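Please examine the sequence and the model displayed here. The paragraphs that follow lead through several local features in turn.

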Amino acid sequence: MAVSSSSDVVVLVVGIVLAALYLFRDQLFASKPKSTALPTRESNGHGNPRDFVEKMKAGKKRLAIFYGSQTGTAEEYAIRIAKEAKSKFGLASLVCDPEEYDFENLDQIPEDCAAIFVMATYGEGEPTDNAVQLMQNLSDESFEFSNGQHRLDSLKYVVFGLGNRTYEHYNLIARQVDEHLGKMGATRIGVRGEGDDDKSMEEDYLEWKDGMWEEFARVMGVEEGQGSDTADFAVAELGDTLPVEKVYHGELSARALTKSKGIHDAKNPYAAPIALSRELFQITEDRNCVHVELNIEGSGLTYQHGDHVGVWPSNADVEVERLLCALGLHDKRDVVIGIESLDPALAKVPFPVPTTYGTVLRHYLDISAMAGRQILGAMAKYAPTPEAEAYLRNLNTSKEDYHAVVADGCLKLGELLQLAAGNDIKAVPTASNTTTWAIPFDIIVSSLPRLQPRYYSISSSPKLHPGTIHVTCVVLKYESTSSRVPVRHVYGVGSNYLLNLKFAANGENAPLISETTGEPSAVSAPTYAIEGPRGAHRDGTTYKVPIHVRRSTFRLPTNPKSPIIMIGPGTGVAPFRGFVQERVALARRTIEKSGEEALNEWGRLSLFYGCRRSDEDFLYKEEWADYTKELKGKFQLHAAFSREPPYKPDGGKIYVQDLVWEDRANIADAILNGKGYIYICGDAKNMSKSVEDTLARILGEAKGGSAQVEGAAELKLLKERSRLMLDVWS
């Protein structure tokens, strides 16, 4: 029995082993590991969401349009290109945020299709946040596409870049994309387009696109006229069918609407209470500069010195009224509407819905932007008179007239519609003095960009102010220059929004509407709906500002022994106030731990600041002496006052670059021997370039050479090593 039982056990074990070998034969005997295939749309109805080629094939799209965008402008141009491809040739496009896709199969784009890259250059020649991975894939020669090579021989592509010529690395990212694709064997269609935001991005795009489309038609084998003008959105009035609490009245996210908790970022800004606000200029007859401290305690928001804060403004009351009247919606401002995209792959609804006509114009669309030339043709067909139609069509087709009237006149869409209809654009707009245009609201939504946040360099350090973010904002106000349009003041949206908040937070009865001109209907400084949607931005006497924090690489070195040179005239001083506060906090801890002598080895912090007059617009003048005292003489302020003595020997004004030159011996020593760091913040068009030229001269001469050769080489090296950093704007 025992022998028989053992035999049975052996047979049973052998059977189990053989069965297991059969069941797992693929895993055990395969020549190489077997990968699990990604699910396809055909198999489960979903597909791989990161496979843009699959989406192109499934949606019968012949164009994949990738955009590298930091503020939304490149995305807007990508959508414009997609719309034109549809209207001209009847071609459908897939508009792609590159960070949402993988690029291993870029080589699999079918031969009758093309890729279009609309790429902004951000900061100092850097890709936008959403294009970092794309640029790494294109530039890394070890990165393999599905063909097992770093080659794209069958790819046809188009490139349009967005940049600013006042910056050193003008349109660098678009140029790099073009260079990388060319090296990999891809074929460019037409010339590379480059838009210059310092002059007119719109005009550069218009000049480029016609030639590009002509070459596109030849290469792609398509004919113009195969498409048609079709609406992007369907707008429906919903009446009283929805509960009030489900309708957006300016809330920027679903969490804000439902008052639910969550992370606060660009998609869900935080309504920060104003802890303190004050005027910084000593004389405010013509100019203002506001200091605002925003309470972020309990919000989950954090920041570092050098970061930026994004402020989400609303449009001015007068501009909202103007466009409501021009569109015949004055009495329908509170009508609830739903908006649906007729082609979600081409045009997403750019703001939350359902909402109201008035809310869209106040909170969601940038109605204060200068009217673009291309949209005027679409508006002209809805003109109230033949004369108004001819007026808009002329501006649409004549670059010269457009520049003389719209650009020089700084005309917004509402103002332009009034002007074309013969209305007085200087009068407070009403339904009785504004001619109605029968423009469908879906065209307004398609034509105007989304209202974007305004970014400001944070002027505080979390080491001294962990619970507040400080903003230093000069208020933008200037006169239009067109001889063909009534001269009037033009107001910046974000800065005047903050000025209104400062007035309200302090209970100041500022004369916002002029009562002394003899023209009671004349528009003066704008007012805003600062209480926010449903009064959410006011709590008693406390007002709130919707914000989010944008990270920056504009940072001090961690070692306080490194000399620091900061150059920031005007509000360019904002981040440097935060820098100095950062060092003050460290000095306090160091002194407490090791005594004042520990600061002896620290490098000097030199701040070069400039303004008009010491008694007019000297920012934070009462603070700098205190910082010098706290840092035991390690901080030094150099101030240039351009409109008060002393002047140059020839009578010329003294600016920050002149003070930099005067201190050239110390600067050369700090950089070449002390391994110091240089930071520049402010105007990119004039100041930044002049300062860099001065630095090149200082360093070139210190090395026994010239500014053009040795000086330029040293500046280039400093930038590569992040020892010369810029936070500039135009």
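Which backbone nitrogen lies 3.1 Å from a polar atom of the side chain of Ser398? It is the backbone nitrogen of Asp401; a polar contact is a pair of N or O atoms within 3.5 Å, where within protein one must be able to donate a hydrogen and the other to accept it, and residues adjacent in sequence count only if both atoms are side-chain atoms. The structure is a predicted model, in which local features need pLDDT of at least 70 and side-chain atom pairs count only at pLDDT 80 or more, whereas totals for chains, interfaces and linings use all residues. Residues are numbered from 1 along each chain as its sequence is written, and side-chain values use heavy atoms, with hydrogens and water left out.

Ser398 itself belongs to the loop between α13 (386-397) and α14 (399-409); helices are DSSP runs of H or I with at least four residues, numbered from the N terminus. With a relative accessible area of 14%, Ser398 is buried, a term that means under 20% relative accessible area with a 1.4 Å probe and protein chains only.

A helix pair comes next. The axes of α5 (residues 73-89) and α8 (residues 201-220) come within 12 Å and cross at roughly 40°, where axes are lines fitted to C-alpha atoms over the stretch in contact and angles run from 0 to 180 degrees between N-to-C directions. That angle makes α5 oblique to α8, because angles under 35 degrees count as roughly parallel, over 145 as roughly antiparallel, 65 to 115 as roughly perpendicular and the rest as oblique.

Helix α10 (residues 317-326) is mostly covered, with 8 of its 10 residues buried. Glu319 and Arg322 are among the buried residues, and the cover includes α11 (357-364) and α15 (413-420). Just after α10, Gly328 adopts a positive phi of about 70°.

Finally, Pro575 is found in helix α18 (residues 574-594) and is buried, its relative accessible area being 0%. Not counting residues up to four places away in sequence, Pro575 touches Ser457, Ile458, Phe554 and Cys681.

Conventions. Helices (H or I, at least four residues) and strands (E, at least two) are DSSP runs, numbered from the N terminus. Buried means under 20% relative accessible area, exposed over 50%, partly exposed in between (1.4 Å probe, protein chains only). Contact means heavy atoms within 4.5 Å.
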